[in-house]
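Hi,

Here is the structure I promised to pass on. Have a look at it first, and then read my notes below.

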Amino acid sequence: MRTLLFILLAVFLSTSSFAAKEVDLNHRSTIQSTQQDSSKKKISLLKRLANAFKFRANSHAREKIRVIRIIDTLIKDSVLLSGKAFTKDQLSLKDSVESRLASFYEILRKIQSDYEKNKPVIIPECHECPSENKTPDPQKEAADQEKLNNDKYIDGLIKAILGTEKNQPPSTPDTKPERLALIRKLAQQSHIFKDTLNKKFERERMVKLKQAAEVWGFHPYNSGEIDLNYRVFSTIVIDAFVLNGSNGRSMNDLDLKNFEVSRRAKVMGSRLIMGITSDNVNTNTFLQSSFAQTQFTSKIISILAQNNMEGLNIKFSGVNNKLSVHLLNFISALSRECKKNNRNFILSLTIPAFDIARGYNLAALAPFTDRFLIDFREKLPGGPGPLAPLKQQSDYSIETCVSRYLNAYNLLPSKLIILLPYYGIKWDFDKKGKGKNPISLSYNKIRARYQFAPISYDEQTASAIIEVSDTTGKVNEKIWFDNEYTLGKKFDFALSEGLAGVAIWDLTADIGYGELADELAYKFLVPDTITTRVTDLNLQNQKFGWEYIIRNLKTYYFVLGHPCDTAHNYVDRTLLSYINIILIVICAGLAIFCFSRLRTRGDEWPAKKTMFIITGLMTFTLITFGFAWIFLDPNIPWFGLDKECIDMPFLVLYLIILTGIGLGILLMWLLLFPIVRQEDTP
């Protein structure tokens, strides 16, 4: 009996000792692996601080270690107090039990490892879903709340330690007013800020506006008013050329030199193109007259060159199936002729929303046409309704027309632009409720006349509606138009479908009211961050040594040959400044030395010619290096590395200047010097 009890005690002691050792080994291996991971990942001070504030987890871990150590100590003390050693059979039994337990622990660790790898994803609880009969767990809620408070406290502490970093890029605002305020600021001037990468590199970034898609604006030639807010228009179309079909000339007297719109469009960075319009009769005559087409082509190329215009937009009314081939021949010949000298020339066609007459074979026209503008300015056939409905059970909605052109002619969406009017349409209604007398009204006239009228919305067509009633309450006027809300939906459609963009007719229709321009900027101007320069701080602070000299000489050689290349957008001219200073000292020393020798020895100085040659060569070297120093200065406009960079290598520019100086000296020698000598002759 005593032997049996001793064996059981030995098994218990060996098991407990192994478990304690296993826990201790696991704890030590955990500490070692944590230290290794910390050395590899270089955990920051903030991470350690965050771990230090996990009070509950740290407390549980320390309590677990303390209990294991107490049990291990008690077991070891009981063995020592017995005063007896293990027998051979007991040792054999102990080893067998330990090996079995080791295999069990290995299986458990493998199961735990597999569970961690395939840990199920916990789907967050849906608070807006229909409620189910769930019994709340007070303990779980209290634990979650404590964890949430602890995380908030740690996050707040980290933010307090970090503080507000300077020169941070402006964050993307969440609300429309904040976004528009940022766009207005960036429209005036780009924002430049600097930050560091791993404390080794200094990065300079610039925040400026970029366009999410193209925005075209039409401006009538007979109006001098224009409002180009935000620099949002990528292209301005001046509708000035009214085609005479018989001779290919314009019916208007074109005088665009003093046209204010042209000047402002160039200042705002917009592309300027000429708009060509023609009615049914002139279109029919023109497309069947090769003489008129030849006259038009030569005349329009001259007009575009004189006014620095970069393209044409053509709107021919009355194109039918019989004129389809004539239109294709004219557009193909015009495109080839205009793009012969200007590859960036833009040729666009304004096409009807629904080409019932089948006059436009877009598949054949696409290779010669850069953009097709789908025109939604015309009144739709049928009864009263909006000019440009987004969705509708008809053949004239924006969604239907775009889909029809894309699928029927297999066009890319980037070829299409939807032309939207800043105009509404007013219908009168008689006593029977029948619509009559449709009249177009510009947006600013609608706002001025009906500023206090309530506005309703048709969500399907994305149109704003104003109803005017008589004294009996019966509707006698109805206006369909677009405001910032409905236009926003149509802009979203153009962006989501990947179209080239939108066009607006016309730029004078909203003068006096800024909400449409705000919506246009909000949808199509996007703050964009680009890296303009990355500087190695170690190299930047290094101003001496052969490595510094060789590196900068290689940079000078590359930049002087490729001034517009962005690979070296920052050039350290310190070394070049040192070289110029040394050359100035040498040239000044040589000049003083030669002057003193000439003064003392005169023509008897034997090294006179040699020293003059050396002084001349050093002076020429100084001029060359000084000119290179100026060339690498980005603040000198129209020269070298300025913002409006001209990609002309330094050597070519230097040779041009030297050639000019040489020709000037030669002309002076041949023309001016003989006159001077003749006057000096007695």
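Let's start towards the end of the chain: residues 610–632 have their end C-alpha atoms 33 Å apart, and the span is 96% helix and 0% strand. Before I go on, bear in mind that this is a predicted model, where local features need pLDDT of at least 70, side-chain atom pairs count only at pLDDT 80 or more, and totals for chains, interfaces and linings use all residues. Residues are numbered from 1 along each chain as its sequence is written, and side-chain values use heavy atoms, with hydrogens and water left out.

That span comes from UniProt, where an unreviewed entry annotates residues 575–598, 610–632 and 652–676 as "transmembrane region". The UniProt positions are in the numbering used here, feature names are shortened, and annotations may be inferred rather than shown by experiment. For residues 575–598, the end C-alpha atoms lie 35 Å apart, with 100% helix and 0% strand.

Helices (H or I, at least four residues) and strands (E, at least two) are DSSP runs, numbered from the N terminus. Helix 19 takes in residues 608–631, and its 24 residues should span 34 Å at 1.5 Å a residue (1.5 Å times one less than the number of residues).

Now the barrel. It is closed by 8 strands in the order 3-4-5-6-7-8-9-15, with parallel pairing (two strands pair if DSSP finds at least two bridges between them). From one strand to the next, the twist averages 25 degrees (axes are lines fitted to C-alpha atoms, for helices over the stretch in contact, and angles run from 0 to 180 degrees between N-to-C directions). Strand 6 (residues 311–316) and strand 7 (residues 346–352) are joined by 4 bridges, and Asn-313 has Ser-348 as its bridge partner in strand 7. Helix 7 (residues 260–267) lies across strands 3, 4 and 5, at about 160 degrees to strand 4 (contact means heavy atoms within 4.5 Å). Helix 12 (residues 398–409) lies across strands 7, 8 and 9, at about 155 degrees to strand 9.

There is also an open sheet of 5 strands, in the order 11-10-14-13-12 and paired antiparallel. Strand 11 (435–442) and strand 12 (455–458) are at the edges with a single partner strand each, so one side of each has no neighbour in the sheet. Strand 12 is joined to strand 13 (residues 463–469) by 4 bridges, and Ile-455 stands opposite Ile-466.

Which rings form a cluster through ring pairs? They are Phe-241, Phe-286, Phe-296, Phe-316 and Phe-330. Rings of Phe, Tyr and Trp (its six-membered ring) pair if their centres lie within 6.5 Å; planes under 30 degrees apart count as stacked, over 60 as edge-to-face and the rest as tilted. The count by this rule is 19 aromatic pairs. One of them, Phe-286 with Phe-296, is edge-to-face, at 5.6 Å centre to centre and 80 degrees between the planes. Phe-286 is buried at 0% relative accessibility, and Phe-296 is buried at 1%. Tyr-443 and Tyr-513 also pair edge-to-face, because their centres are 6.3 Å apart and their planes are at 90 degrees. Here Tyr-443 is buried at 3%, whereas Tyr-513 is partly exposed at 23%.

Cheers

Notes. Buried < 20%, exposed > 50% of the residue type's maximum accessible area, 1.4 Å probe, protein only.
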